[in-house]
Amino acid sequence: MNETGLKADNATVEEYGIKNATSHWNLSPDELAKRSIDLGQAKETSTGAITVDTGEFTGRSPQDRFIVKDSITEDAIWWGNINIPFGPDAFDKLYDKVVDYLSGKEIYVRDAIACADPSYKMNLRVVNEYPWSNMFVYNMFIRPTEEEVKSFDPEWTVINAPGFMANPEIDGTRQHNFAILNFTRKIALVGGTGYTGEIKKGIFSALNFILPHQKNTLSMHCSANVGEAGDTAIFFGLSGTGKTTLSADPNRQLIGDDEHGWSDENTVFNFEGGCYAKCIDLSEEKEPDIYHAIKPGALLENIRFVNGSNEVDYHNSDVTENTRVSYPLYHINNIITPSIGKNPKNIFFLTCDAFGVLPPISKLTPGQAAYQFISGYTAKVAGTEAGITEPVTAFSACFGAPFMPLHPTVYGEMLSKKMQESGVTVWLVNTGWSGGSYGVGERMSLKITRSLITAALNGELNNMDYNTHEIFGLNFPTSCPNVPDEVLNPKNTWGDKSAYDKKANELASKFVNNFKQFEEFANDEIMAASPKVVESV
């Protein structure tokens with residue numbers, strides 16, 4: 001067996017059942033980029049980043065995500081359409097097939113860390129079939145020092161084999177691709193898909209079980225940053241709602257863009273060591289921090305070039321709307337190191353409202369905050385999941401249900417308790433449509449959303465007059481610096497006011513119907529935050 005690169009003395013891929021492989025350990029991003037290009041799997045762009053095509057899958061496949069049902073998970077996991085059970089024996093057999101598939105191949109191994117707070121850090125060892133997948137791991141997780149690598153002891157293992165295709169009839173999967181978590185063996189097994197997001201979301205899902213269930217620490221699908229005064233802000237929201245974009249603020253230090261913990265020690269800490277940003281319609285003017293992060297070491301996915309060049313065409317969606325780039329946090333100039341902040345002063349719930357009904361910003365009461373968090377309303381934006389080609393109304397509990405192994409009320413109760421203890425202000429921000437629903441109105445401008453959030457962070461909305469939405473009961477400001485007054489009341493942006501009322505009632509009914517599954521767990525304050533369907537005017 002041939003081995004290259006820096007590794008711990010006792011480390012070997014044979015302990016995972018992989019035999020006669022040529023294994024490359026902890027190669028540098030430059031080495032991985034060169035190998036990817038030499039193998040014909042990647043191309044270099046005009047900025048020095050590389051780009052790859054992830055193949056059949058250009059987004060996550062939630063219906064092919066499984067959790068092994070065993071003594072650890074049987075009574076703790078919220079089983080259902082999101083958390084799909086997988087048998088321990090079936091996992092063992094499939095695992096053996098995957099490592100047999102990797103045996104004899106040239107593979108790439110990386111030691112990495114999840115969780116920036118030393119009290120919660122989790123050591124990972126990731127085995128990748130492709131060099132660019134290993135480069136993604138370098139970018140997205142926290143990078144141990146050379147000294148740490150020499151004595152590295154992994155707690156969890158990720159086995160990633162995009163070229164392996166499962167046989168559903170034999171292997172127990174739904175189709176040939178799969179992402180399976182085994183909490184007893186501490187393994188994340190990913191196969192049949194080249195989409196790199198499955199790797200990070202696998203570890204995120206594992207931490208969403210481990211931290212709340214075993215370490216009394218809230219895990220959150222959110223981005224976070226810190227102001228000059230040390231004030232932390234966190235941004236909840238699903239893919240496409242603006243978490244990465246809005247947290248990359250030149251006036252604030254970035255903690256992280258997607259996954260965080262909120263500890264009893266009053267810290268907010270990043271799970272990751274990088275960012276995974278959407279690229280569609282990216283421009284230097286709109287998102288300068290992300291734009292300039294795309295340089296040597298960055299990995300682009302599923303983009304296309306301007307004809308006759310190697311310049312990226314960020315407006316091209318021929319492959320997918322979900323074009324992506326991964327890069328290490330140090331590609332962003334304004335970051336906090338280590339990636340840890342204090343208790344948040346402001347929390348923003350980001351929702352992409354495809355109905356065009358919700359105000360661009362609302363200040364929430366504690367009951368409304370709990371109701372909106374448990375509901376997790378948004379629209380799934382084109383490309384973030386397989387088969388989504390235009391916005392689809394969705395309720396995703398905790399703004400991250402696809403990654404939440406426990407019952408949503410577990411996370412909701414933990415968040416509510418922490419909000420009360422810290423005295424945080426909670427805002428609901430609509431980054432979706434204004435002036436009409438999808439297909440009629442227009443997407444809220446990034447400039448307006450930034451102005452609203454900046455005003456909230458600076459305390460400029462504290463003394464404003466507020467109106468109350470007659471159906472949703474949301475309190476929204478009547479004015480805000482650098483934002484036209486008429487935009488703040490969504491009804492004012494519609495030409496047909498009766499059409500707005502009809503659409504608002506339609507969305508309110510969807511909220512009410514969705515929340516029925518949580519009513520038995522909700523107190524009177526939360527239930528009072530439910531929207532009230534009224535007759536159209």
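A nonpolar core is a set of buried Ala, Val, Leu, Ile, Met, Phe, Trp, Tyr and Cys residues joined through side-chain atoms within 4.5 Å; buried means under 20% relative accessible area (1.4 Å probe, protein chains only). This is a predicted model, in which local features need pLDDT of at least 70 and side-chain atom pairs count only at pLDDT 80 or more, while totals for chains, interfaces and linings use all residues. Residues are numbered from 1 along each chain as its sequence is written, and side-chain values use heavy atoms, with hydrogens and water left out.

**Overall form**
- The protein chain contains 14 helices and 31 strands, taken as DSSP runs (H or I, at least four residues, for helices; E, at least two, for strands) numbered from the N terminus.
- Its C-alpha trace spans about 75 × 55 × 45 Å along the principal axes.

**Burial and contacts**
- Of the 537 residues in the protein chain, 61% are buried.
- Contact means heavy atoms within 4.5 Å; among contacts in the protein chain between residues at least 6 apart in sequence, 71% join residues at least 24 apart.

**Nonpolar cores**
- The largest nonpolar core has 93 residues, and those with the most contacts inside it are Ile234, Phe236, Ile347, Phe349, Leu415 and Phe472.
- Helix α6 (residues 197–215) supplies the largest share of this core, 8 residues.
- Another core lies apart from it and has 27 residues, including Ile107, Val109, Ala161 and Phe178.
- Leaving aside neighbours within four places in sequence, Ile234 touches residues including Met220, Trp262, Val268, Pro344 and Ile347.

Note on methods. Buried < 20%, exposed > 50% of the residue type's maximum accessible area, 1.4 Å probe, protein only.
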